[in-house]
Amino acid sequence: MSNSIFYAILVTSLATFLPRFLGAVSSQRIREDSKLFKWFNCLAYATLAALIARTIIFPVGALTDASYLSRIFVVIFSIIVFLFSKKNYVFPTIFSAILMAMLNNYL
Amino acid sequence: MINTKYFLGGYKSILKADSPAIALGACFVAIGALLKNLGFNIQESIFSTMLTYALPGSLVMAESLLIGASLLNIFLAVFFVNARLYPMAVSLFPLMMHKSQPKWKYYFSCHFIAVSAWLIMKNNYKNIPKQHRIDYWIGIGSATWTVAVIGTLIGFFLCDYLNKDILIGLAIINPIYFLCMMIEASKTSQIIISIILGLILGPAFYFFSPEWSILLGGVAGGTIAYLTGELNVK
C-alpha cells in the first residue's frame, strides 16, 4: 500500500505542477494589456466559479453526505452574513461550518 | 534576491481581515484526517500537501485511491480538476513581470498558484509597485503554503476526534470562502459575467461529462464573458 501511496502522491503533484509551470512559461510572452491576457482573465474567473459551483452542487468527499437542500441553505445564509458584516471573511466562514454541522446533525 | 519588505508584506496577508488562513486551514484539517483514514502515514500526508498544494487535486487523489484507480487514471482525474491552474497562472504572472527580476522566481513561485493566494494577489496587486509584486506574491504563497501544511498536521493528529458532522462543517468552509472572495472580486462587468456564467455552466456541463465539466464550463463561460465585454467597448 505504501508504495502505491508514494506513486499516487508523485503522480498527483506532477499533474498539478504541469499546468502551473506551463502557465508560468506562457506568461513570459503575454503582456498585461493584451487581449489574450483579458481573455485568460475571464477564463480563470469562470473556471473558478465553475469549480466552486461544482463543489457545492456535485461534491466529492465529506460533503456528499450532506443533503442538497442543506448545502444550498448554508450557502445563501453565509452570503447574507458576508454582505451584512461589511464583507468580513471570518464571520461567514465560521458561521457556515457551524450551521452545516448542526443542520446535518438534526435534519 | 527577494526583497524582505515586500516578502513579509505578502506573508502578513494571512493575518489581515480577508485572511484565507481559517478557510484554508480548515480544509487542510479535513484533508489531513482524510489522508490518515486512507492509510497515509504522517510523512506521506505532509509531502502530499507540500507537493500538491491544491485542495481539489488532493481530494480527487484520495477518492481515486479509495476506488483503487490506476496511476494513469489518478493522473488524468487530477489533471482535469487542476487544469484550471493554467488560466490562473496566465492571468496572474503577466501582472508581476518585471525585467529587473530573475526568471527563476517565476518558475519557482508558480507552485504557489492556488485559489486563495491567487485571489488575494488579484485583489491587491494594484497597491504594490510592479517591480516588487513577485516578492509580495512569494510572500503570500509561502504563507498560505505554511497554513496548508500546518492544517494537514492538525487534521492528521485530530483525526480520531473529528466526527462526520465536524468534517462536513469543515468541508463547506472552502467553497463559502471562495464565494465571498469572488463577490469581492466582482468589479468589472466582464468579471461579473465570467463568474455568473461559470457558476451556471460548470454544473450544467456536469450532466454531459463530470470530468470535463469544470474546464468546459470555464472556457465557455469565460469566452462568452470576454466577447460581450469586447463588444461593449466597441
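Predicted model: local features only at pLDDT ≥ 70, side-chain atom pairs only at ≥ 80, totals over all residues.

Domain bounds here come from an automatic or database domain assignment. With that in mind, I noted that chain B is divided into domain 1 (4–181) and domain 2 (186–234).

**Entry: the domains of chain B.** I looked up how far the two domains of chain B are from each other, and found their C-alpha centres 23 Å apart. The contact between them takes 5 residues from domain 1 of chain B and 5 residues from domain 2 of chain B. On the side of domain 1 that touches domain 2, I listed 4 nonpolar residues, no polar ones and 1 charged.

**Entry: chain A as a whole.** I found 4 helices and 0 strands in chain A, so that entry rests on runs of at least four residues for helices. For chain A the domain assignment gives three stretches, namely domain 1 (1–30), domain 2 (31–60) and domain 3 (66–107), and the centres of domain 2 and domain 3 of chain A, taken over C-alpha atoms, are separated by 24 Å. I then looked up the radius of gyration, which is 19 Å for chain A, whereas a compact globule of 107 residues would have one near 13 Å. Along the principal axes, the C-alpha atoms of chain A fill a box of roughly 55 × 45 × 20 Å. Of the 107 residues in chain A, 46% count as buried.

**Entry: a helix pair in chain B.** Two packed helices are described by the angle between their axes and the distance between the axes. From H9(B), the residues B:Ser116, B:Ala117, B:Ile120 and B:Met121 meet B:Trp137, B:Ile140, B:Gly141 and B:Thr144 of H10(B). The residues of this contact comprise 5 nonpolar, 3 polar and no charged.

**Entry: two residues with positive phi.** Most residues other than glycine have a negative phi. I found A:Lys86, which is not a glycine, with a positive phi of about 55°, in the loop between H3 and H4 of chain A. Is A:Lys86 buried or exposed? A:Lys86 counts as exposed because it has 8 C-beta neighbours inside 10 Å, and the limit for exposed is 12 or fewer. B:Tyr53 has a positive phi of about 45° and is not a glycine either, and its place is in the loop between helix H3 (42–52) and helix H4 (55–66) of chain B. B:Tyr53 is buried, with 24 other C-beta atoms within 10 Å.

**Entry: B:Val219.** I located B:Val219 in helix H13 (residues 213–233) of chain B. B:Val219 counts as buried because 21 other C-beta atoms lie within 10 Å, where 20 or more are needed. The C-alpha atoms of B:Val219 and B:Arg84 are separated by 9.7 Å, although these residues are 135 residues apart along the chain.

Terms used. Residues numbered from 1 in each chain as written. Chains lettered and ligands numbered in written order. Contact = placed C-beta atoms within 7 Å. Nonpolar A, V, L, I, M, F, W, Y, C, P; charged D, E, K, R; others polar. Rg over C-alpha atoms; globule rule 2.2 N^0.38 Å.
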